[in-house]
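Trainee: I would like to go through this model with you. Can we take the backbone and then the ligand shell?

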Amino acid sequence: MFPLKDKWILITGASSGFGAAAGRAFAAHGARLLLGARRLERLQQVAAEARQAGAPEAHAHVLDVRQTASVEAFVNWARSRISPRQPADARLDVLINNAGGAHGLDPVAQGKDEDWEAMLQINVLGILRMTRAALPLMERNPGSTIINVGSLAGHVAYEGGAAYCAAKAGERQITRALRLELNGTGIRVCSVDPGMAETEFSLVRFKGDAARAQQVYAGTQPLTAEDIAEILVWVASRPPHVNIDELLVKPTDQAAIHKVHRRPA
Ligand SMILES: NC(=O)c1ccc[n+]([C@@H]2O[C@H](COP(=O)([O-])OP(=O)(O)OC[C@H]3O[C@@H](n4cnc5c(N)ncnc54)[C@H](OP(=O)(O)O)[C@@H]3O)[C@@H](O)[C@H]2O)c1
C-alpha cells in the first residue's frame with residue numbers, strides 16, 4: 001500500500017464530475033487536497049465537503065489550464081500551501097490531470113475552430129503544462145503518482161468526435177512518453193480512461209442544452225463520478241513499485257462505443 005493519509009493530492013478540474021468526486025474520495029483517506037478549476041465558488045464548496053469527509057487540509061485556487069501563466073501561478077500557490085515556510089522544499093504526492101472535456105459533436109466538415117482549439121488546449125496542452133510545472137515538486141519523492149484522465153475516445157473513434165478523440169489519443173501518448181522519460185525516478189504514470197459517465201460532460205459538450213445532454217444517458221446506466229473517483233484512489237494507493245499503466249473502465253451497459261444497451265422508457 002501507498003498510504004494516502006496526510007499525502008498532498010493536486011486535482012485539476014475539481015469543480016465538478018470526476019475531479020470533485022475524487023476530492024471527496026481522497027479526503028475520506030485523510031489526504032490533503034489542492035483543488036483547481038475556473039469556477040472558484042464551486043471549488044470552495046468541494047473543499048468544504050472534503051474537509052467534512054476527513055481531509056486535514058483542502059484548498060482551492062483558480063486554474064485555467066489553457067494558459068501557462070495560470071498554471072505556473074497555481075503551482076506556485078500549491079508550493080506555498082504545502083510548505084509555507086520553505087516553498088522550495090514542497091513535495092507533491094499525487095497529480096491528477098483531470099481537467100478536460102468535449103466541445104460540440106460536429107463532423108469535421110462542419111467543425112468549428114473554437115471547439116477544436118478548446119479541446120486541444122485543455123485536454124492535451126493542459127496536461128503538458130501542468131505536468132511540466134508540477135514535476136519539480138515530485139522529484140525525489142518515490143511512489144508519487146501522475147494520473148492523467150483519458151477516455152475510451154482515445155482508444156476508438158466515433159462520428160463527430162474527431163478532435164476530442166484526437167485529443168484523448170494525444171493524452172495516451174503523453175502518458176506513455178512521460179513514463180519513459182521518468183523511468184528510474186520512482187514517479188508512476190497512469191492513464192485512467194473512462195467510457196460513458198454521467199457528469200457535466202454532456203452539458204458542456206452541448207453548450208448548456210440540458211435536454212440533449214440527458215438523451216446521452218437515456219435508458220442506460222452510465223458510470224458515476226464516484227465510480228471513477230474510487231479507481232483514482234485505488235491507482236494512487238498501490239505499493240510504490242506497482243505502476244498501473246492504463247485502465248479502461250466502461251459501464252456494463254456499454255460493450256463498445258456504439259453498442260450501448262438501453263431499456264425502454
Ligand atoms: N463523463 C464522461 O463520460 C467522460 C468519459 C471519459 C473521459 N472523461 C474526461 O474526464 C475528465 C473530467 O470530466 P467530467 O466527466 O468530470 O466532466 P465535468 O463534470 O464537465 O468536469 C470537467 C472539469 O474540468 C474543468 N475544466 C474545464 N476546462 C478547464 C480549464 N480550461 N482549466 C481548468 N479546468 C477546466 C471544469 O471546471 P471549470 O469549468 O470550473 O473550469 C470541471 O471541473 C475530462 O478530462 C473528460 O474529458 C469524461
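Mentor: The questions below cover backbone angles and the residues around the ligand. Keep in mind that this is a predicted model.

Trainee: Which loop holds Arg140?

Mentor: Arg140 is not a glycine, yet its phi is positive, about 55 degrees. Most residues other than glycine have a negative phi. The loop that holds Arg140 runs between helix 4 (113–138) and strand 5 (145–149).

Trainee: Where does Lys207 lie, and why does Lys207 count as exposed?

Mentor: Lys207 also is not a glycine and has a positive phi of about 55 degrees. Lys207 sits in the loop between helix 6 (201–205) and helix 7 (210–216). Lys207 counts as exposed because its C-beta neighbours inside 10 Å number 11.

Trainee: Which element gives the largest share of the shell around the ligand?

Mentor: The ligand has 31 residues around it, and Gly13, Gly17, Arg38, Arg39 and Gly100 come nearest. Two elements give two or more residues to this shell: helix 1 (17–27) and helix 6. The largest share, three residues, comes from helix 1.

How values were computed
Residues are numbered from 1 along each chain as its sequence is written. This is a predicted model: local features need pLDDT of at least 70, side-chain atom pairs count only at pLDDT 80 or more; totals for chains, interfaces and linings use all residues. Helices (H or I, at least four residues) and strands (E, at least two) are DSSP runs, numbered from the N terminus. A residue is buried if 20 or more other C-beta atoms lie within 10 Å of its own, exposed if 12 or fewer, and partly exposed in between; C-beta atoms are placed from the backbone. A residue is near a molecule or strand if its C-beta atom, placed from the backbone, lies within 6 Å of it.
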